[in-house]
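Dear colleague,

I am handing over the structure we spoke about, with the sequence alongside. Please look it over first, and then read the notes that follow.

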Amino acid sequence: MISVGKLDNVRTALSVARTMRTILGGSGITADYSPLRHAANLETVLTYEGTSEVHQLIIGQALTGYNAFS
C-alpha cells in the first residue's frame, strides 16, 4: 500500500505542476511563479523515494505473488 500511495502521489503532483506551467504560459517558466521549481523538486522525490519502476515491481509482486527481483 505504501508503494501505491507514493507512486500515485508523486505522479499526481508532477501532473499538477506541469498543468500549472501550461496554464501560466510564459509566466510559468519565470521566477515570479514556480511550478517548474516544484516539478524539479518532485523529480528528486521520485528518485529518492524509489523509482516508479521499483514501485511497480513491488505492486506487481503483491498482486501476482511472483518475485520480479530474482
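**The salt bridge and its surroundings**

Glu-43 and Arg-18 form a salt bridge, with their closest N and O atoms 2.8 Å apart, where the term stands for a side-chain nitrogen of Lys or Arg within 4 Å of a carboxyl oxygen of Asp or Glu. This pair links distant parts of the chain, since Glu-43 lies in helix α2 (residues 35-48) and Arg-18 in helix α1 (residues 2-24), 25 residues apart. Helices here are DSSP runs of H or I with at least four residues, strands are runs of E with at least two, and both are numbered from the N terminus. Side chains of opposite charge can pair when their charged atoms come close. A search of the whole structure finds one salt bridge.

Please bear in mind that this is a predicted model, in which local features need pLDDT of at least 70 and side-chain atom pairs count only at pLDDT 80 or more, while totals for chains, interfaces and linings use all residues. Residues are numbered from 1 along each chain as its sequence is written, and side-chain values use heavy atoms, with hydrogens and water left out.

Both partners are partly exposed: Glu-43 has a relative accessible area of 34%, and Arg-18 one of 39%. On this scale buried means under 20% relative accessible area, exposed means over 50%, and partly exposed lies in between (1.4 Å probe, protein chains only). The C-alpha atom of Arg-18 is also separated by 7.0 Å from that of Pro-35, 17 residues apart along the chain.

**The surface patch**

Val-54, Leu-57, Ile-58 and Phe-69 make a nonpolar surface patch of about 310 Å²; patch members have over 30% relative accessible area and no salt bridge, with like charges joined within 9 Å and nonpolar side chains (Val, Leu, Ile, Met, Phe, Trp, Tyr) within 5 Å. Val-54 is found in helix α3 (residues 52-64) and, at 35% relative accessibility, counts as partly exposed.

**The whole chain**

The protein has three helices and zero strands, following the pattern α-α-α along the sequence. Its radius of gyration (over C-alpha atoms) is 15 Å, well over the 11 Å that the globule rule gives for 70 residues, so the protein is more spread out than a compact globule; that rule is 2.2 Å times the number of residues to the power 0.38. Along its principal axes the C-alpha trace spans about 50 × 20 × 15 Å, and buried residues make up 16% of the 70 residues.

Technical notes: Areas by Shrake-Rupley, 256 points an atom, 1.4 Å probe, with all protein chains shown as cover.
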